[in-house]
Amino acid sequence: MSQREGSLEAPTRHPLEWQTPEFYNIDATLKEMERVFDICHGCRRCVSLCNAFPRLFDLIDASPTFEVDGVPKEQYWQVVDQCYLCDVCYLTKCPYVPPHPWNVDFPHLMLRAKAIQFKQGSPTTFRDNALSSTDRNGKLASIPVVVTFVNAAARNPTMRAIGEKVVGVHRTAWVPEFTSKTFRTHAAASAPYPVVAGQRTAGKVAIYSTCYVNYNEPGIGHDLIKILDHNRIPYVIIEKEACCGMPKFELGDLESVAKLKAKNIPPLAQLAREGYTIVTPIPSCTLMFKQELPLMFPNDAEVQAVKAAMMDPFEYLVARKKDGLLQSDFKTHLGHVSYHVPCHSRVQNVGQKTREMLEMVPNTQVTTVERCSGHAGTWGVKKEFHEIALKIGKPVFRQMDDAAPDYISSDCQLAAHHIEQGIELLNKDKPASGKKAQTAHPITLIRKAYGLPD
């Protein structure tokens with residue numbers, strides 16, 4: 001086995017062989033975990049990323065041999081439970097990812113273990129399935145009669161305490177409210193602008209709204225429409241849309257991911273064939289179509305076509321700027337923005353396009369924090385992980401608060417609210433400064449900068 005340190009080649013990713021019996025073989029998985037954990041133990045670069053690596057190293061350091069062979073294999077699952085598949089270790093830290101011969105893919109190894117756990121079942125299966133069924137939850141909670149009760153319960157300490165005991169959602173974790181005025185049913189139709197393509201960009205956009213924007217914060221979607229309209233870019237709202245599958249993916253429920261893929265990919269592939277760029281306002285959804293589904297279905301031509309057509313909204317807008325086709329008539333400066341780069345934006349390998357766009361706005365200062373907030377979708381609201389999520393995010397909270405911003409912003413709105421909560425906890429014993437930053441999605445900030453009405 002090669003002993004060379006790291007690799008000069010660009011990281012590559014092997015397809016997920018999740019449909020083979022070997023993928024779910026527990027003994028083979030534990031053997032691979034032992035191999036990879038031993039490499040991680042000898043490196044330890046990732047100790048500051050999340051809680052998976054500190055937990056692993058604590059188990060090793062407490063073992064009688066101070067090596068991986070001293071850790072009972074039943075304890076490996078403690079490491080699996082701490083991983084929320086942010087992918088940052090693979091893309092930013094690990095020097096042994098393929099094509100290095102050691103072939104370390106820690107996130108997808110943890111995914112394999114999670115898939116085995118899911119098939120076996122666990123005491124939290126009901127809670128985990130409920131939290132990850134975002135489309136179903138949104139459809140139910142957004143019913144006008146139901147939405148008032150659901151939102152009131154989320155704000156009621158007594159109901160939250162009951163929810164923590166019965167469902168397993170931490171009583172103080174921030175949870176989103178729902179709306180009966182969902183984005184997809186209230187989105188304005190596009191004006192009939194001519195399609196003007198650029199060297200780097202298609203001249204028309206299809207919006208995959210995501211469960212969160214559709215059911216929780218539709219204003220983000222409406223603001224995206226206003227930006228496209230201001231730039232005379234024709235758009236369509238995708239007619240048939242289901243959850244992207246990321247919540248189920250993070251749970252290891254790969255069969256459910258495949259069912260959601262079967263609903264989403266045909267209409268998305270048709271739009272791709274028609275020359276649309278497909279944008280999603282939530283990074284995890286973009287990553288699902290750009291990376292995880294293509295790795296799960298490497299031979300599916302429609303999945304690959306969607307991958308090629310999928311872009312982050314700011315990736316598209318910045319490319320539009322380079323094509324000379326983006327309006328730069330910003331009328332309102334944003335002051336000081338503390339901007340957080342989410343993990344699932346970082347691992348798309350497109351650079352900091354959101355920051356570039358925010359910095360186009362005159363008289364706007366952007367402080368960028370590129371570190372995990374700790375929220376990680378549903379992981380950070382679970383009662384057994386919420387306090388850890390706050391601990392992981394504390395450096396982010398401190399850096400963003402120290403900038404004394406006018407706005408706190410992240411492409412991941414879940415992370416933004418988690419950061420907002422973390423900053424409040426940091427300052428709870430401090431005298432009030434008189435200034436409180438607003439939390440706003442970057443899309444909303446650009447809409448404001450254009451001077452467009454809300």
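The buried residues of helix 17 are Pro 313, Phe 314, Glu 315, Tyr 316, Leu 317, Val 318, Ala 319 and Arg 320. This is a predicted model, in which local features need pLDDT of at least 70, side-chain atom pairs count only at pLDDT 80 or more, and totals for chains, interfaces and linings use all residues. Residues are numbered from 1 along each chain as its sequence is written, and side-chain values use heavy atoms, with hydrogens and water left out.

Reader: What caps the N-terminal end of helix 17?
Author: Asp 312 does, with a side-chain oxygen 2.8 Å from the backbone nitrogen of Phe 314.

Reader: How do you know that strand 5 pairs with strand 7?
Author: Two strands pair if DSSP finds at least two bridges between them. Strand 5 (residues 335–340) and strand 7 (residues 407–410) are joined by 4 bridges and run parallel. Ser 338 has Ile 408 in strand 7 as its bridge partner.

Reader: What makes strand 6 and strand 8 edge strands?
Author: The open sheet has 4 strands in the order 6-5-7-8, with parallel pairing. Strand 6 (364–369) and strand 8 (438–439) each pair on one side only.

Terms used: Buried means under 20% relative accessible area, exposed over 50%, partly exposed in between (1.4 Å probe, protein chains only). Helices (H or I, at least four residues) and strands (E, at least two) are DSSP runs, numbered from the N terminus. A polar contact is a pair of N or O atoms within 3.5 Å; within protein, one must be able to donate a hydrogen and the other to accept it, and residues adjacent in sequence count only if both atoms are side-chain atoms.
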